[in-house]
Amino acid sequence: MRDGPGDRAPLGGRPRAPRARRIAPLLTAAGAVTLTALAASLALAVGGHDPGRVASALIGGAFGSPEILLSVTLVRSVPLILTGLAVVLAFRAGVWNIGAEGQVDAGAIAGTTVGLHAGGLPPLLLVPAVLVAAALGGLGWALVPALMRLRLGVGEVITTILMNFVALNLAAYMVRGPLQEGRGVFPQTDAIADAARLGVMVPGTRLHWGFAIAVILAVGVSVLLHRTRTGFRIRAVGTAPLAAAISGRIDADGVAFRTFLASGALAGVAGGVEVAGVTFALYEGLSPGWGYTAIAVALLAGLSPLGVLATGILFGALEGGAGAMQRVASVPAAWVGVVQALVILAVLALDRVRRHGLGALTVPSAVVVAPAQGDGSVG
Amino acid sequence: MNAGGPRVRMSAIVRRFGSVTALDGASLELLPGEVHGVLGENGAGKTTLLNVLGGMLPADAGTVEIDGMPVRLATPRDAWRHGIGMVHQHFKLVSPLTVLENLALGYRVRGHGMRLPLEAVRRRVSALQERTGLRVELRRTVAELGVGARQRVEILKALLREPEVLVLDEPTAVLAPAETRALFELLRSLAAGGRAVALVAHKLDEVLAVADRVTVLRSGRTVHTARREETDADALVRAMVGDAAATSRAASGAAVGSARLAQLRPPMPGRVPDPSAPTATGSPPPADVVAALEGVSVRRRSGGRGDASSGLLAGESPPALQDVSLDVRRGEVVGIAGVEGNGQRELALVLAGRLAPDEGRARVPARTGFIPQDRTTEGLALDLDLTDNVALAFHDAPSSRGAGGWVGWMPWATLRVATADLIARYDVRATGPGDRARALSGGNQQKLVVGRELRVSGDLLVAENPTRGLDVGATRFVHEELRRFVGRRDGPAPGVVLISSDLDEVLALSTWLFVMAGGRLIEAPDERRSREGVGALMLGAAP
Amino acid sequence: MAEADLVLYLEASVRLGVPLALAALGESITERSGVINIGVEGSIIAGALGGALGALAFAGAGPGVAVGAAAGLLVALVFAAFAIGLGTDQIITGTAVTLGGIGLTGAVYQARFGTTGTALGLPTLSSLPVPGLSSLPVAGPALFDQAPTAYFAYVAAPLLWLFLFRTRWGLELRAVGEAPDAAMASGVRVRRVRILATLFGGTMAGVAGAHLALAHAGTFAENMSAGRGFVAIAVVVLGRWNPLLVLVAALLFGAASALQFLMQALGLDVPYQLFLAFPYLLTLAALAGWVGRARAPAALALPWPAERAP
């Protein structure tokens, strides 16, 4: 995916892209959601379930009441927004970071460690310390694949996926060994210090301040990409690496490397926020695949940081409703993975068709570039 | 020429690419025993017409008749079956495979079934080499071959199938003059043997030297067909270009825009903001020398990084730069001719400060304009808009507000105005700065790149094949701008390095003339300043 | 160390290496045609479930392998439809296919067998000793007393080598992977070749999955492929896209993964998770040490036809 959506300028100062270009990613997203819903309904019907019943269970589990909305859907959307931002940032720079999952784990480990062992500090210092540690953990986890890409030219897709598996095992080891709870019975850590926890944002719910952090970071990433020089370089390297490098003013490899690390840091923060805001401890399998869901979140948002807020909440709703779906309609929760895959495929396909017309489906001709034009009219 | 019907008759061929109509009812007739030249500007549709004949592209409308019978040419195989062989402008060869394997690719030999018929192919190729004199070592990989040898492989591949019609697309673009002569002799002998040979070129004198008849295409239509005796260069040029003068007029720049742009002008040389600039050591060069290379050598690089390849030097093995020394002075155009692939790319990158030499010393200004030869992948970010593309050259200049550097704000308002200014000044046909670069035609894209690089150049501009693929009007425009740039009176005059495989262009524009051959730079003394003279130098070290 | 221990170690090495070899051999053909199929992991897990279900349905391991192969092929078909048919980005499409495959197999398994997690009793692929060869000292029982799928891998490697370098189709396949435009101009049907190569890769991965379920573990568990598909992709790189070297690399990998048994036999006390993480760490190290010298097919992962100008 080399191009992003038509640029959106949240804070003005940039010419807005022509309306057609701004709407296109929204249409793609809407189309993808519709197609996926249709495909999923079909699959459910084939499997003997009633799509309507499943849908209502899903929606009820996600939006049934304001309490549910805040405590379940929005809470579950926080890690998805943060990992979604990580993926958006990386993809925009042309870095295929499929390792957000492992970076989340690494961040969670780092954040928990600080939360357990720095208890003397006041919350004003401890909470940021936990989050910074988490960011560094995620960044460190991205460092190996990023260095391998920069120095050795090794593709980051496989290396980041491999690091996911290593992180999984590292976390499992940590909660059974060095970080294990005092009692030594279960594979989990003690609860982190009270001062290290993110407080509740809306009283009476479980919505914690991590949500605000996610929103702020989303805005921050958007401003970075569209208003700063660094963001411009990132976008240039992501869509046209050769042109960026040849301009002589952009160190394409360096930009990609640093963005890779930043992406890891964002994913790490997701892990730290989850520990500091929801679980207050670390255990095995903290992430039910956020790093992979993040890819669907990012693509559905058209790689837009602000769009990730919307799609993150959507997928948070999906996750929140999945439990109800399993209870009420006895549909296995694993279907959520299928839905995510369908969303990604639908976005890819619609994006392709949008840009190349339905001709994309026919047999191509051999010569693929239109002949050089003289002073012709604009196509 | 034989009497009798045409071997090939193409009528009313229409072919569109999206909203662009490349062929608008073109026609072509090829008679057996003749060499037929197809002329036209870049963009006239010559290559497209030939691709239709070669089965590479289906036509949207129109008919093709072979020996009077209508045929369908949907794939290259269809074309072979009807005896049409094609030699492409951009060679269709697989580099890592050997010459023999390339020749055997897709070639079916009866009775061999699934096995690779290498021996059978080898025998046939040897016979062919005897007859035509086209010698290539069969066991070497294509990657090891120079451009001239690769073309011989392309031709052998086409001749192997014993075509009755041979079609060649711009074969002379990559050849030195002596090689062109040898090719033309071959074509004449093939025609004399009864074949129909069609040759696309956009250089008039070449076509007139070899063709029996010519057809001229303009804007996708056939506008003129004549026997060589019946026409002359002037008539052909008129047919190619049309009666109206095709020069595009540059609009005067907006005064306000220029003033804004001045804020973005780079600081004087001496500051080194970009990370890839080489560090200068020793005493500075004399004041009127803007760039100096001493004993510069560059090794070959392999390309590809990560999962998103960004190799500047990736691709077919260009030879390294070997011990190059060069001074570029103010107010002068250093012209460097040569067949592509002899180190021009490395030289361009070193001069433009994009590449540090492995040996020797390169003193170049901190800010150099660079017009790369491939505008779609190197000059522009096609999926970004025009303002973004102009920003590629200016984003690290001090902005109108705030500090520069790491977290600096992009001066979008200024850049937008500057882009509009560039669009007006260089007559870029676009709706506005918000257009996506991909939407522009090739000529307009190049004009934007040229305009941008001229603006950003302080003391030095490096141009690599800047008029490739442009029609006459756009080419003239670019040449005019280069001359204007180097003759600038407001402030110290800059220097220009023009690297081009178009001999005429280099001869027309340069103050000093050099030739690149085999990674070395050879000065062309005054007595050699002609096509023949330079051509001889080009071949001196050619592989 | 006793000879018996060595034999056990070698036998485990081969047993662990075989599914890698099968998947990697298939993927090497796919990648030689210029397509990188990250969805091979999805094909493996589909093959595992297919193998389990097939073996139960037809009361035999053999039919199970066939069903597993078909399942792997189906998953690859989905990938091919999007990545080759529509030209979507190969990497993201492959990731999506893997996610979908893992989710779908998990959902189907849960629906059919519930969520209790007890092991299925599957008819297994028992080892077939090769007469004569299996009596060779040390190597004999290790290499030649394996499930039939292992022998299939041994035979497939040289056959694929011959295919690639000695047949017309192999030449066309290699050309498609290096220079698809040139191949098309030479009359090769590029898309068709790529689709066939991808389907072949999926089928091999399906067999690998079936081997996992029926010969290796004897049961199906959710996510039991455990990243072997990704390791297989790395094995293809290490084997430089050459079937013979790929087989060797896969077996070496099996040997490295089997070190855990050796360590246990030697009584070394190493955390269990380190054993589990070891194959992945090893893959990373191997990629770091090797990749500079290998050259991928030039058109790998690039969509064909390339982006059109408007």
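**Chain by chain**

Mentor: Read along the sequence, chain A follows the pattern α-α-α-α-α-α-α-α-α-α-α-α-α. Keep in mind that this is a predicted model.

Trainee: How many helices and strands is that for chain A?

Mentor: Chain A has 13 helices and zero strands.

Trainee: And what share of chain A counts as buried?

Mentor: Of its 379 residues, 60% are buried. Among the contacts in chain A between residues at least 6 apart in sequence, 77% join residues at least 24 apart.

Trainee: Where is the kink in helix α3 of chain A?

Mentor: At A:Val78, shortly before the proline A:Pro79. The kink is about 30°, and the helix covers residues 66-92.

Trainee: Is α3(A) largely enclosed or largely open, and why?

Mentor: Largely enclosed by the rest of the structure, because 21 of its 27 residues are buried.

Trainee: What follows α3(A)?

Mentor: A:Gly94, which has a positive phi near 80°.

Trainee: Moving on to chain B. How many helices and strands there?

Mentor: Chain B has 17 helices and 19 strands. Buried residues make up 52% of its 543 residues. For contacts in chain B with a separation of 6 or more, residues 24 or more positions apart account for 71%.

Trainee: What is the strand order in the open sheet of six?

Mentor: The order is β6-β7-β8-β3-β9-β10 in chain B, and the pairing is mixed. β6 (84-87) and β10 (221-227) of chain B are at the edges with a single partner strand each, so one side of each has no neighbour in the sheet. From one strand to the next, the twist averages 20°.

Trainee: How many bridges join β3 to β8 in chain B?

Mentor: Five, and the two strands run parallel. β3 covers residues 35-39 and β8 covers residues 196-201 of chain B. B:His36 stands opposite B:Ala198 in β8(B).

Trainee: Which strands does helix α1 of chain B touch?

Mentor: Helix α1 (residues 46-53) packs on the sheet and touches β3, β6, β7 (165-169), β8 and β9 (213-218) of chain B. The direction of α1 makes about 150° with that of β7(B). Helix α8 (residues 233-241) of chain B lies across β3, β9 and β10 of chain B, at about 30° to β9(B).

Trainee: There is an open sheet of three strands in chain B too. What is its order?

Mentor: β12-β11-β14, with antiparallel pairing. β12 (321-329) and β14 (359-363) of chain B are the edge strands, each pairing on one side only. The twist there averages 10° from one strand to the next.

Trainee: How many bridges between β11 and β12(B)?

Mentor: Six, in the antiparallel sense, with β11 of chain B spanning residues 289-298. B:Ala291 has B:Val328 in β12(B) as its bridge partner. Helix α10 (residues 344-351) of chain B lies across β11, β12 and β14 of chain B, running at about 135° to β11(B).

Trainee: What is B:Ser500 in contact with, leaving aside neighbours within four places in sequence?

Mentor: B:Ala337, B:Asn465, B:Glu505 and B:Val506. As for B:Asp374, 126 residues away along the chain, its C-alpha atom is separated from that of B:Ser500 by 13 Å.

Trainee: Now the contact between chains C and B. How many residues does each give?

Mentor: Chain C gives 18 residues and chain B gives 23. On the side of chain C that touches chain B, the elements giving two or more residues are α7 (168-178) and α8 (180-185) of chain C. α7(C) supplies the largest share of that side, six residues.

Trainee: What is the make-up of that side of chain C by class?

Mentor: 10 nonpolar, three polar and five charged residues.

Trainee: Last one: which residues have the most contacts inside the largest nonpolar core?

Mentor: B:Leu199 and C:Val235, in a core of 400 residues. Beyond its neighbours within four places in sequence, C:Val235 is in contact with C:Leu20, C:Ala24, C:Val246, C:Ala249, C:Ala250 and C:Phe253.

Definitions and conventions:
Residues are numbered from 1 along each chain as its sequence is written. Chains are lettered from A and ligands numbered from 1 in the order in which they are written. This is a predicted model: local features need pLDDT of at least 70, side-chain atom pairs count only at pLDDT 80 or more; totals for chains, interfaces and linings use all residues. Two strands pair if DSSP finds at least two bridges between them. Helices (H or I, at least four residues) and strands (E, at least two) are DSSP runs, numbered from the N terminus. Axes are lines fitted to C-alpha atoms, for helices over the stretch in contact, and angles run from 0 to 180 degrees between N-to-C directions. Two residues are in contact if their C-beta atoms, placed from the backbone, lie within 7 Å. Ala, Val, Leu, Ile, Met, Phe, Trp, Tyr, Cys and Pro count as nonpolar, Asp, Glu, Lys and Arg as charged, and the others, Gly among them, as polar. The bend at a residue is the angle between axes fitted to the seven residues ending there and the seven starting there. A residue is buried if 20 or more other C-beta atoms lie within 10 Å of its own, exposed if 12 or fewer, and partly exposed in between; C-beta atoms are placed from the backbone. A nonpolar core is a set of buried Ala, Val, Leu, Ile, Met, Phe, Trp, Tyr and Cys residues joined through C-beta atoms within 7 Å.
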